[in-house]
Amino acid sequence: MAADNSNTTERLVAAATQLISLLFTTAREQPIRLFFLFIFPLALCGIISIYLLLHLLAPKPRPPYPSEKTYLTTLPSGSISPPKPLPCWYDRWHAEGCLKEQYPTIPPGFDVPDQASIEPAEVEVSVVVPAYNEQDRIEVALEEMVEYLDANFGRGHQQQQHGQEGGGKLLPTLEKPRPGPGTGNVTPSSRPSTPHRLVFKSEGGSFGRAGGEGEGEKKKRPAPQGYEIIVVDDGSKDKTVEVVLNFSKKHHLHDILRVVSLEKNRGKGGSVTHGLRHVRGKYAVFADADGASRFSDLGRLIEGCEDVVDGSNRGVAIGSRAHLVGSEAVVKRSAVRNFLMRSFHFVLMILTPPATSRIRDTQCGFKLFSRAALPHIVPYMHAEGWIFDIEMLMLAESAPATPVLASDGSVIGTSCGIKVAEVPVGWEEVEGSKMNLVGDSVRMAVGLAVLRASWMLGVYRRRLT
Ligand SMILES: *[C@@H]1O[C@H](CO)[C@@H](O)[C@H](O)[C@H]1NC(C)=O
């Protein structure tokens, strides 16, 4: 037995020696073959382990709790309403998508606009405000929003139902009669001091929900008017909710200002995504609760969005602070901060697809989406933290192609992705930024790498579940 064993060992050693010397000769004579022998399988193993690692590391958003699908508002009497169910275009869109997966009857090539249709808009603008411990800053920001929105969009249906209660306290512009339902699109001239065009090519067009039937449906439904503000409280530990509800009472924002509270903190990306799933507006915009962006630039965002919408009315406009580079607001910042900003921009350029990497300011908390753009972006969001802006822009860029329509409505081609307009907005550095400079920069860079790799390797996909 012992002799046998040592014999085997000897033979093994000999074989190994032979193999190694064979490798050396191969390496000397044919380096290419060695490459395929070793490097290629090694790389393959590397990619597979990265893929598996990503499955563990990449964040997956949690489903909402039942209480997060309800909202609070103030009643006309001033008291706080009991929780009411929050309208959700996402749920219906998701259910329809699942049905279509079971019964695929849509002709090939035309599934995109069909998949993309969601419930029609009920108001003109929805503002989503993510808020985490913002009791000291949110009131000023809301004040600015409500003043601008009241003056430019009015309170729509609430005005007709509850207009009397507000009485003389409402702004004078609100007392002018508004065109009733059925007069089609509200023309800019009927809205005082509106600085922008508000013409959406025939809502939905021939690719809207259920084609020709939509025309009859549209006549019955009143044109979207007014606005809503959805404050998403990200599990705040301070009195944010109380401050917001007090504000709502003071300004008679019954059912216009809605407060959704997340039971467990999700982060800014999670809050914005949650809010955007429940918007009823023709345009959906999210704005930071610190009021750093000048909210009255909303008109410019809408204009920018209108300039880039495609045949399916999809468009995105993002606020940008790039024009401020070199101005006082930026020069006053510390050198470290500017250096980190520049490094972040460099990492971004390497890690993002071409259209997104050309955007000069991806991080401004003021971004607007046309309603038709939402179902291509919101359902597929994963990032819960600071880099969610970039995921939104990447999703816009990679959105499926849509037919390009000629003026007579015929299809003359396709356009890929959703166009993003970068619009310069006023901006003020506010005290108490929640960014921890070095730590958050590193976390963002790592998060970005994980995000990009997850989309590239198919850990994240555009799918329903
Ligand atoms: C909200 O209003 C109530 C009643 O007016 C007041 O007692 C309370 O202190 C206010 N809360 C905050 C946080 O301002």
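This is a predicted model: local features need pLDDT of at least 70, side-chain atom pairs count only at pLDDT 80 or more; totals for chains, interfaces and linings use all residues.
Residues are numbered from 1 along each chain as its sequence is written. Local features need pLDDT of at least 70 and side-chain atom pairs count only at pLDDT 80 or more, while totals for chains, interfaces and linings use all residues.

The chain holds 16 helices and 11 strands (DSSP runs numbered from the N terminus, H or I of at least four residues for helices, E of at least two for strands). Of its 465 residues, 38% are buried, that is, with 20 or more other C-beta atoms, placed from the backbone, within 10 Å of their own. Contacts are pairs with C-beta atoms within 7 Å; among those with a separation of 6 or more, 80% join residues 24 or more positions apart.

Helix H8 spans residues 240-250, and Thr240, Val243, Val244, Leu245 and Ser248 in it are buried. The cover over these residues includes strands S3 (123-131), S4 (227-233) and S5 (257-261) and helix H5 (138-153). An α-helix has 3.6 residues a turn, so residues three or four places apart point the same way.

In the contact between the two helices, Ile138, Glu139 and Leu142 of H5 meet Thr240, Val243, Val244 and Phe247 of H8. The axes, lines fitted to C-alpha atoms over the stretch in contact, are 10 Å apart at an angle of about 30°. Just after H8, histidine 252 has a positive phi of about 55°.

Conventions: A residue is buried if 20 or more other C-beta atoms lie within 10 Å of its own, exposed if 12 or fewer, and partly exposed in between; C-beta atoms are placed from the backbone. Axes are lines fitted to C-alpha atoms, for helices over the stretch in contact, and angles run from 0 to 180 degrees between N-to-C directions.
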